[in-house]
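Let us walk through this structure together, one part at a time. Have the sequence and the coordinates open as you read.

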Amino acid sequence: MKRKGGARKYLQQNFDLYLLLLPALIYVFIFHLLPMVGILIAFKDYNMFQVPGDPFRSILESPWAGFKYFEQVFKKSEFQQAFANTLIISLYKIIFTFPLPIIFAVFLNEVRSTKFQKGLQLIVYLPHFLSWVVIYGIFVSFLGSTGVINSVITSLGFEPVSFLMDSGKFRGILVIADAWKEIGWSSIIYFAAIAGLDQECFEAADVDGATRIQKIWYITLPSLLPTIVLMLIIRVGNIMNAGFDQIFVFYNPTVYDVADIIGTYVYRMGLGKLEFSTGTAVGLFNSVISMILVHSSNFIARKATGKGIW
Amino acid sequence: MAKTTKKKNKISVFDVVNLIAMILVGLIMLMPILNLAAKAFSSEGNVIAGKVLFWPLGLQTGTIKYVLTTPEFGTSFLVTVTVTITGTIGAMLLTVMAAYPLSKPHLIGRKFFLYIFVFIMLFSAGMVPNYILFRTLHLTNTIFALIFSGMFSSFNLFLIKNYFETLPEVIEEAARIDGASNMRIFFSVVLPMSTPVLATVTLYYAVAYWSNYFAGVMYITDANLKPLQQYMFDLVTQATSLQDSSGNFGDVNQAMNVSGENIRAATIVVSTIPILCVYPFLQKYFVKGITIGSVKG
Amino acid sequence: MKKVLSALLAAAMILSLAACSGGTTTSSSSSSTASSDSSTESSTVSSESEATEDDPILTGEKPELKILSMYQAYNYEEQPTWKIDEELTGYKTKWYALPADNADQKLLLEISSGADYDILLRVSPSQYAQLSKQNALIDLSGMLDKYGSNITNAISELAWQSVTNDQGVVNGIPHENMLASKEEPYGMLTGGIGVRSDMLEELGMELPTNIDDFTAFLEAAKEKYGFAPLTSNKSSTFIQVLLSGFGMGEAEWYDIDGTYTHRIKHPQITAYLEYMQKLYKEGLMDNDMPINTADNAKEKFASANAVACAPLMFWDIPAMVNALATNNPDCKIEFVTDLAADANSKPTHYIMKGANFVSCISQSSKNPEHAINWLNILSEPDNYRRTYIGEEGVSYEVIDGNYTPIFTGDDATNFNAYTNSDKLSGINNPTVSFKMWQARARKTPEMAEAYEAMNARVDEYEPLISIELYGKTSPKVQEYVTALNQAFGDSFLKAIVEGTDPDTAIAAMQADWDANGGLEVEAAMQEFYDANKSYSE
């Protein structure tokens, strides 16, 4: 119906749509695409002072290094361990913490009192605003050998557990802490989606005598699906980010074997060295992996639900 | 009709169990904040001795007053409030305006544009090029550096776009048949129907601006423009690590002036409360059934 | 109609983008581009001629100086000393601060893109080394001769050497650490392992002074109370007080028969590891040590769930006294200071000579001479005293030769006004300023008492001088040493917790050290030590 009149008619009808798009494109061009030239740093022996006073030309005129910095990092055996840890911790977080906000939002929606719903929403997102340093302090006093949890364990006659120094448990602690911090915050988007649902469907279902669970399963969840798919694709694309801030604060040398991720490893390796090229190379590597994952998951989503994110 | 309402009001086992579970979740989430708030109002001795749990011991308001009257806190607070308000408005304009055309399947070039936004979500240039850009634009050490940094998020764009796509096509079509232009449909039909997602994204942007710590680190050296997050970092995180290493040789003067645990708690509390107040205001836009209202209006 | 509206809306957005970036141009751009060449020019001109009466730098108009300094939670310009600085020097100053995080990267980015700070005040030695390596700094020697007499007088020969390169170019001004000296060691002890006096009394024991007594003390405490008596935090792998029992201490480098040796290769390091493993395994030391924050450790100590806490410094006293009072108002804190190896030997304590900060001037500075002149005026001894601790009789007084703070009167002029003054003062003889610094140690009666009590034992000590901090500023050392020390500390902590055989563990750490640049670091440190050995005597 819209394209019948040829290009001129199309433009006439739609030029305002392009105008709406323009400011964002300009912003993105200036603040995101232009600086991408700097990715060259990953392939150069970048010296900031190559051209004194002109950092941009310093990037261009620094000597080429090829894949030297990639090799340097990837060759180390610790890197492979860190890479594996990154994927494992991220996967754990996706598997265990991704569904929680959805479940939470759906069940909170089932509570009768709207006031209670709103009040609880305001409470559960509070931990999101605390920094990991503060949260770590709380976790240590809970999980330490004389902490609350261990007091309970020992009073029941068991040996105290060193949660934060046990390679077998540490990743679990990371996932739990992350879930605790972010459930409320991540569920906001689902609250919003549920709020936008058409009430008539529910009323019709009521008339048909549907149970609560049936309504959740056949109405609420399917209508949340587009949001869930979007969130999942983006979360999967973010897989190389296993939570540097959190792990950097939480880990200690006794759990390096299970907790050292690429970010923390590169940080420790580069201490005192200011290696911009290495940092950029690792960032680029992460981005490429993310891109592959986002493309594949978008492809799968399109096959499975008929709709990807682009 | 009367029958269904009656059924709705019957309280089942499910309701009770669900409510109890929700209350438990709420308590678990509330504890640390209560703990921090209690510390902020307790005497320092009780805080250090670890006696303060969820209720202040040795109640006093001196710590909070001290934090609030610190000039650095006031400066940073104003900077962050300004940046959050202007930044969120700008970001919402950019994002909402871009999301609408991208939600139209017939738009030529849509895939290409969408792909650009996916691309910038995955690839980032990193610290050095961004700094160079901001410096070249003469944005460093200005408040605009804080505003322009993070004024667009592809993720938020996709959220809004996604939501626009779920709106019933019939309403738009009806308006179009009535002779409404794209713009009129956008403003009077699409936007009013989208308040839940608009409220969510506003919250996302506002919180992102409020907690943007990196922009200050990267682009600001003038203490009069130091954002609140950075102030908090200097006072809380840095103090914690300084304290941890105070046995090793270092800057003794610096180590001596590290702020106490209660001051740190109070700073966290007073710099977090304002942003917490945004959500309750936005919650009222999480309204069910607004779709129906907009058709009639 | 609506299309026009949307066009306007879009145009407005674009305009505002452009306007914001354009509008600021006028305010900040004028400086950055033109500055780099003019500064080098003026610096060469001024160093040629002798300072005269009508030198424009000294008598002419004084420009506003842009100062880039280290991060602080406070704003420099909110400090009372900021105004005093202006009054004394006649220079208006605008202060900027690096962030706490990523400070090194940020500084390099700023300087490499030609930011026109007039002086980089108090950057870290490693930042200084980076900038100096990149030739981003100007040679200060001529300017210091002309305008920097107070600065040059205050700084020791060794410190000057650390900022002078092979060609005799001086790129930085070292800020020497305030220190006690071998001749006057009083005050050199600032902390150690804090012990609860009530429990010490209950145990009926004296404060331990050697490592065997200390072990016995912990064992007795464990026996009596059941819990781990010594608590500490995650960065206390190397506890100085205990290290001194094994011939080491705060220093990382030791002269072993003429070889300058890092702790990792010290003959006694295995014994120290074994000792720590014993403390950990037998529950004499808190098994949460690797995860505790300083707050967690202090909490255990203050709530009587530990007898001793490492480290505790005298400045922790005022807060700790309040915390202890919540349990037992009569409890005080006694300090175990550096321990002797056994009952017959003398304990040692290292005085760590060094400069935690270096000031320097980048090539893009517009007013290098004025910056030196400014710092020089602040470094005049009387001015230094004025900025650092204020006025006698108003903010401090001298009692029995000891600087003592005054807290009566207005907070804007009494000692409280000088809490952060150290970062806004000039350069002074480190031994003299150490005495002034002691006024801070006497801030509260409890603090003064603790400080004096621990230093009452200072005569029993053999003070040793370590100069390693100056050696560590060399670029070769800087390149590897941070990562190496981190790796060493991590492996050591792991070995303590896991109880690995000490010999095997240390051998593995040494192999790791050698493979990752440790040998280069050793060579550089040895070279430094051979040249400067005499300063550590």
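How many bridges join strand S1 of chain C to strand S3 of chain C? The two strands, residues 65-69 and 119-123 of chain C, run parallel and are joined by 2 bridges. Strands here are DSSP runs (E, at least two residues) and helices likewise (H or I, at least four residues), numbered from the N terminus; two strands pair if DSSP finds at least two bridges between them. Within this pairing, Leu68(C) has Leu120(C) in S3(C) as its bridge partner.

A word on the model: it is predicted, with local features needing pLDDT of at least 70 and side-chain atom pairs counting only at pLDDT 80 or more, while totals for chains, interfaces and linings use all residues. Residues are numbered from 1 along each chain as its sequence is written, and chains are lettered from A and ligands numbered from 1 in the order in which they are written.

Now widen the view in chain C.

Residues 82-108 of chain A are 96% helix and 0% strand, with end C-alpha atoms 38 Å apart. For residues 248-267 of chain A, the values are 65% helix, 0% strand and 10 Å.
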